[in-house]
Amino acid sequence: MHTLPDIRQLFRPVQPAIDQEQVSYQEQPPSLLLSKYIYCYWQLSSCGPLATPFTYRVVADGCIDLFFNTDTPEDFYIMGFSTTYTEFPLDNPFNYIGIRFLPAAFPLLFRIDAAELTNRFEALKTVAPALSKGLTQQVQTHQQLSSLQPLLDNYFGAILSQTFHEADSRFFDALDLILKAHGTLNLNTDLHTGISPRQLRRLFDFYIGSSPKTFSKVVRFQHILHAKPSARSLRENKFFYDAGYYDQAHFIKEFKTMYGLTPTIALR
């Protein structure tokens, strides 16, 4: 059994609230046993026929997700680390259930190189065939997260009990430093891990899917979402300086890349 630091208290990935009466989004935490690995289970569903097509925006959150449409449980998908927002035009009606893994947890459990999934989503059966088959067997006939959650807890709990990969402490030391600094530390001077930048980059590629610098940008962006500054406070108090952006234009550009909207619109 490997050990994994508990980063849950340092990093709580946020996705935007859905402002549409006919669409429901909910998150549920996993069992305590899995809380270091899985951030949440989630369900995104339409509540009856929609008058207009619905596009779901996923913002950059540093995580890896597995998800499926309850009408086709044999088709599980995986979405890797994203450096930008992603938009999914959804069929009407729709009902998706997903599993959101905390940063580094999925590669640690399944020994799959996260860099191969960066900015991509694809069929899980092409990435992890046994996992795809096992999950499909668990989720068949289930339409609601409430009934499926205990089965997923048991399934992933069994996988955890049979996994013997040791977490790389050098990588997790660096991850801890980045999260505690909300992504604003100087990577050249503050990231003391005892290994070379090249070695650290290799570890981040495998566990996260990108470089320490890019991951730090996502952490910083997520910290902004948690802080929920108003458009007025952003303008008057220059919140973006405290968050490590060197000017307002830099902040707006990076925020829009990861969210899909300007901060003024997204945070109002």
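Me: A crossing counts as left-handed if the near helix is turned anticlockwise from the far one by less than a right angle, and as right-handed if clockwise. In which of these two ways, left-handed or right-handed, does H5 pass H7?

Reply: This is a predicted model, in which local features need pLDDT of at least 70 and side-chain atom pairs count only at pLDDT 80 or more, while totals for chains, interfaces and linings use all residues. Residues are numbered from 1 along each chain as its sequence is written, and side-chain values use heavy atoms, with hydrogens and water left out. Helices are DSSP runs (H or I, at least four residues) and strands likewise (E, at least two), numbered from the N terminus. The axes of H5 (residues 169-180) and H7 (residues 212-227), lines fitted to C-alpha atoms over the stretch in contact with angles from 0 to 180 degrees between N-to-C directions, come within 10 Å and cross at roughly 35°, and the crossing is right-handed.

Me: How far from the sulfur of Cys40 is the nearest cysteine sulfur?

Reply: A disulfide is a pair of cysteine sulfur atoms within 2.5 Å, and the structure holds 0 of them. Cys40 is in no disulfide, and the nearest cysteine sulfur, that of Cys63, lies at a distance of 8.0 Å.

Me: Which residue meets Asp65 in a salt bridge of 3.0 Å?

Reply: A salt bridge places a side-chain nitrogen of Lys or Arg within 4 Å of a carboxyl oxygen of Asp or Glu. Asp65 lies in strand S4 (residues 64-69), and its partner, 35 residues apart, lies in strand S7 (residues 95-101). Both residues are buried, meaning under 20% relative accessible area, with exposed over 50% and partly exposed in between (1.4 Å probe, protein chains only). The partner is Arg100.
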